[in-house]
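I opened this entry to record what I looked up, one point at a time.

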Amino acid sequence: MAENFVQCSSPKLFTPFQMGRFALAHRIVLAPCTRCRALNNMPQKAHVEYYSQRATPGGLLITEGTIIDPTAAGYPNVPGIFTKEQVEAWKEVVDAVHEKGAVLFCQLWHVGRASHNVYQPDGGAPVSSTEKQISETWPIMMPDGSYGHFSKPQALSTDDIAKYVDLYRAAAINAIEAGFDGVEIHSAHGYLIDQLLKDGINDRSDEYGGSIENRCRFLMQIVEAVSNAVGPDRLAIRISPAFDHMGASDSDPFALGLTIVEKLNNFQTKVGSKLAYLHVTQPRFVSYGKNKDGPIGGCGEKEALLMRSLRKAYEGAFLSSGGYTRQLGIDAVECGEVDLVAFGRLFMANPDLVLRFGCDARLNGYDRSTFYTFDPVVGYTDYPFMES
């Protein structure tokens with residue numbers, strides 16, 4: 001029945017889209033969402049079921065943040081992609097999703113300073129662009145499920161930064177070996193790459209700090225290294241220039257966002273190929289454009305203008321996430337403000353979200369208390385499908 005959902009509704013959200021080499025049947029994407037079910041950083045059988053439940057023919061799914069190195073974790077039980085055993089475990093997930101005819105990208109992740117000594121090898125300090133600690137107003141989830149404070153980070157040396165570029169490259173190669181269709185570099189939300197991009201965090205005085213040009217250097221070195229390793233059309237980038245999470249603010253998010261887009265455009269021209277997509281997170285719970293559902297927590301016109309400016313400037317497939325409902329997703333695609341819309345919490349609670357959206361059916365509510373539990377079933381694979 002899922003294959004016929006397009007017949008239920010006519011808006012562009014439910015129409016095909018050619019994303020580079022990938023022919024998508026619709027514009028509804030599974031957003032990357034940390035779920036804390038990967039015991040000892042290993043994908044489990046539950047991951048096979050979770051992702052295959054949400055796969056549809058021609059649909060795009062993005063995995064939860066997947067760490068590129070033992071130093072990259074800041075949550076308990078997150079999956080990795082840096083060992084042979086992890087690669088083999090991911091193959092089962094990828095195969096199950098491909099059997100449904102869907103496209104699966106692996107989100108490559110390093111949290112940087114958004115971590116604690118307990119997650120670091122030998123209890124060391126997390127790494128970052130800075131030695132500034134995240135404010136105690138932001139909690140971190142500990143291995144036992146309780147909450148604590150982030151640890152003080154150590155600033156990466158210039159030589160260390162080059163090593164981390166290579167870690168992203170190696171993780172991308174592992175992802176392709178596991179069968180993933182591509183990788184998304186998580187450069188948003190106050191994690192490692194964002195810690196170099198944002199001047200609210202980056203206080204460096206070397207070639208990776210100060211000017212926007214310098215602050216973008218790490219990201220663009222990763223883009224080039226990963227592109228060389230797996231191909232630009234298998235590479236996607238996620239950014240959040242206006243998203244202030246864990247102190248990740250910037251004095252001029254317009255200039256930062258547009259500079260990143262300009263550099264990505266120039267890179268695409270240089271290599272003669274488009275990236276798979278650019279994923280931009282709008283500030284959580286805000287909406288913009290035609291909004292028939294009413295505001296979700298309010299909307300700043302400045303943020304709306306930035307999103308539209310990035311969309312207009314970027315020369316390639318444009319994906320957005322952050323507080324979208326069905327109607328907001330329809331409106332955003334109809335207005336041409338996005339090509340693709342990613343849904344997180346709604347997709348968590350509705351494994352058949354694509355079908356439900358297509359027929360405008362009632363949605364399951366989500367249980368926030370089970371978002372980050374370690375149970376392989378409860379709040380993970382037990383949300384019900386439509387009965388008919």
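In which hand does H7 pass H8 in their crossing? I checked, and the crossing is right-handed. I note here that the model is predicted.

**H7 and H8**

I looked up the geometry of this pair next. The axes of H7 and H8, the latter being residues 301-313, come within 10 Å. They cross at roughly 10°. H7 and H8 are therefore roughly parallel to each other. Then I listed the residues in contact. H7 brings Pro253, Phe254, Gly257, Leu258, Val261 and Asn265. H8 brings Lys302, Leu305, Leu306, Ser309, Leu310 and Ala313. I sorted the H7 and H8 contact by class and got eight nonpolar, three polar and one charged residues.

I kept one general point in mind while reading these lists. An α-helix has 3.6 residues a turn, so residues three or four places apart point the same way.

**H6 and H7**

I moved to the other partner of H7. Helix H6 covers residues 217-230, and H7 covers residues 253-271. An angle under 35 degrees counts as roughly parallel, so H6 is roughly parallel to H7. The crossing of H6 past H7 is right-handed. On the H6 side I found Leu219, Met220, Val223, Glu224 and Ser227 in contact. On the H7 side I found Ile260, Lys263, Leu264, Phe267 and Lys270. The class count for H6 with H7 is six nonpolar, one polar and three charged residues.

**H1 and H2**

I then turned to a pair earlier in the chain. H1 and H2 pack with axes 9 Å apart, at an angle of about 25°. That makes H1 roughly parallel to H2. I looked up the hand of the crossing as well, and it is right-handed. From H1, the contact uses Lys45, His47, Val48, Tyr51 and Ser52. From H2, the contact uses Trp90, Glu92, Val93, Ala96 and Val97. By class, I read six nonpolar, two polar and two charged residues for H1 with H2.

**Cover over H1**

How many of the nine residues of H1 are buried? I found seven, so helix H1 (residues 45-53) is mostly covered. The buried residues are Ala46, His47, Val48, Tyr50, Tyr51, Ser52 and Gln53. I also looked up what covers the buried residues of H1. The cover includes strand E3 (28-30), E4, helix H2 (84-99) and helix H10 (345-349).

**Leucine 60**

E4 was in that list, so I picked a residue from it. Leucine 60 sits in strand E4, which spans residues 60-62. Is leucine 60 buried or exposed? Its relative accessibility is 2%, so leucine 60 counts as buried. I then listed what leucine 60 touches, not counting residues up to four places away in sequence. The partners are Met19, Leu24, Ile28, Val29, Leu30, Val103, Phe105, Tyr277, Leu319 and Leu340. I also took one C-alpha distance. Leucine 60 and alanine 102 are 42 residues apart along the chain, yet their C-alpha atoms are separated by 6.1 Å.

**Two asparagines with positive phi**

I checked backbone angles. Asparagine 40 has a phi near 55°, a positive value in a residue other than glycine. Asparagine 40 lies in the loop between E3 and H1. At 69% relative accessibility, asparagine 40 counts as exposed.

Asparagine 77 also has a phi near 55°, again positive in a residue other than glycine. I located asparagine 77 in the loop between strand E5 (66-67) and H2. Is asparagine 77 buried or exposed? I read 17% relative accessibility, and the cut-off for buried is under 20%, so asparagine 77 counts as buried.

**Cysteines**

How many disulfides does the count come to? I got zero. A disulfide needs the two sulfur atoms within 2.5 Å. Cysteine 106 is buried, at a relative accessible area of 0%. Cysteine 359 is partly exposed, at 30%.

Methods
Residues numbered from 1 in each chain as written. Predicted model: local features only at pLDDT ≥ 70, side-chain atom pairs only at ≥ 80, totals over all residues. Heavy atoms only, no water. Buried < 20%, exposed > 50% of the residue type's maximum accessible area, 1.4 Å probe, protein only. Axes fitted to C-alpha atoms, helices over the stretch in contact; angles between N-to-C directions. Helix = DSSP H or I, 4+ residues; strand = E, 2+ residues; numbered from the N terminus. Parallel < 35°, antiparallel > 145°, perpendicular 65-115°, else oblique. Left-handed = near helix turned anticlockwise from the far one by under 90°. Contact = heavy atoms within 4.5 Å. Nonpolar A, V, L, I, M, F, W, Y, C, P; charged D, E, K, R; others polar.
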